[in-house]
Amino acid sequence: MQQTDTTSAAGAPARPAAPPTGLSPSRAGDFLTCPLLYRLRVIDRLPEPPSAAATRGTLVHAVLERLFDSPAVERTPERALGLLRPQWERLLGERPELGSLFPDDPDGAALTRWLADAEKLVGQWFRLEDPTRLHPVERELYVETALESGLLLRGYIDRVDVAPTGEVRLVDYKTGRAPSRDFEGKAMFQMKFYALVVWRWKRVIPKRLQLVYLGGGGDVVSYDPDEADLLAAERKLQALWERITHAVATGDFPATRNRLCDWCDHQASCPEFGGTPPPYPLPLARTSDEDDPTGDPMSKES
């Protein structure tokens, strides 16, 4: 039975369940990390309460995006920090549920500390990049393309820089710490995803992919892709989509315990934590026995 009345901790109703229509880097990462998490987010579409860390990241992204509205000489740390409060008020106006992040804060002390953490991240960015020398051609660019197989790829690129000689650089801001060298390739796969979309869409291979980490001590991780890299990414995404399509048809989305479980909002629906997933809301594919009138009825799933 399709769920229509599930509510989040904040009381927001869940959206009707629906099959996936394509892939973004975030949702691809969800399936690779835990197929059940992917299902609960993409198919069941269960609401999640706002997260202070994720909302801080959204705020910092908004400040860095808006800073480039100013002339180059005015892109100063002081101007960026001055954007924090107005951008927070804008976010709060667009998403009133964010007010639940600070429910018991009569004097505003918790909000002040939270904004101070955002200030540190913005300040870190100025130590990593000089915005007076940057002239992005796009910010928060929505990109979308369909592969020959029909698989739809989509996502948002934080910043697109184009050099006077035409080379394209894709940039993504991360408010967490830079990963260890062992996990750097996994982080860069998101950027290869974007590069693949740009290549298939604009027929241009970006010269450089750049991740700017604002957490910890700050770091910039760069990679220069080539056609072989993007073809490999395309094959990986196609294989991943085939796994997702099979899971959608069968309803088989196993839970996978991982290092992010402690921060998951869906532990009550996860067998790894003693929970039970909600009934699968989509029709299941018919098995070969169901299609064959001579098949053994005792072997069919009830």
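Modeller: Helices here are DSSP runs of H or I with at least four residues, strands are E runs with at least two, and both are numbered from the N terminus. By that rule Thr55 lies in helix α3. The model is predicted, so local features need pLDDT of at least 70 and side-chain atom pairs pLDDT 80 or more, while totals for chains, interfaces and linings use all residues. Residues are numbered from 1 along each chain as its sequence is written, and side-chain values use heavy atoms, without hydrogens and water.

Colleague: How many helices and strands does the rule give for the chain?

Modeller: It gives nine helices and five strands. Along the sequence their order is α-α-α-α-α-α-β-β-β-α-β-β-α-α.

Colleague: Why is Thr55 called buried?

Modeller: Its relative accessible area is 3%, and buried means under 20% (exposed is over 50%, partly exposed in between, with a 1.4 Å probe and protein chains only). Thr55 is therefore buried. Leaving out residues up to four places away in sequence, Thr55 touches Pro50, Trp88, Leu98, Leu101 and Trp114, where contact means heavy atoms within 4.5 Å. Over the chain, buried residues make up 42% of the 302 residues.

Colleague: What makes Glu227 partly exposed?

Modeller: Glu227 has a relative accessible area of 44%, which puts it in the partly exposed class. This residue belongs to helix α8. With residues up to four places away in sequence set aside, Glu227 touches Trp199 and Ile205. From Glu227 to Pro206 the C-alpha distance is 10.0 Å, across 21 residues of sequence.

Colleague: How do you know that the buried residues of α5 line one face of the helix?

Modeller: Helix α5 covers residues 84-94, and its buried residues are Leu84, Gln87, Trp88 and Leu91. Viewed down the axis of α5 they fall within an arc of 105 degrees, so they line one face; the arc is taken over directions from the helix axis to the C-beta atoms. The cover over these buried residues includes α3 (52-67), α4 (77-82) and α6 (109-128).

Colleague: Why is α3 described as oblique to α6?

Modeller: Their axes are 10 Å apart and the packing angle is about 45 degrees. That angle makes α3 oblique to α6, as under 35 degrees is roughly parallel, over 145 roughly antiparallel, 65 to 115 roughly perpendicular and the rest oblique. The crossing of α3 with α6 is right-handed. Among the α3 residues that meet α6 are Thr55, Leu59 and Val63, and the α6 side includes Trp114, Leu121 and Trp125. By class, this contact of α3 with α6 has 13 nonpolar, one polar and two charged residues.

Colleague: What makes α1 and α8 roughly perpendicular?

Modeller: The axes of α1 (residues 25-33) and α8 (residues 227-250) come within 11 Å and cross at roughly 70 degrees. The two helices are therefore roughly perpendicular to each other. The contact is made by Ala28, Phe31 and Leu32 of α1 with Leu240, Arg243, Ile244 and Ala247 of α8. Six of these residues are nonpolar, none is polar and one is charged.

Colleague: What is the hand of the crossing of α1 and α8?

Modeller: It is left-handed.

How values were computed:
Axes are lines fitted to C-alpha atoms, for helices over the stretch in contact, and angles run from 0 to 180 degrees between N-to-C directions. A crossing is left-handed if the near helix is turned anticlockwise from the far one by less than a right angle, and right-handed if clockwise. Ala, Val, Leu, Ile, Met, Phe, Trp, Tyr, Cys and Pro count as nonpolar, Asp, Glu, Lys and Arg as charged, and the others, Gly among them, as polar.
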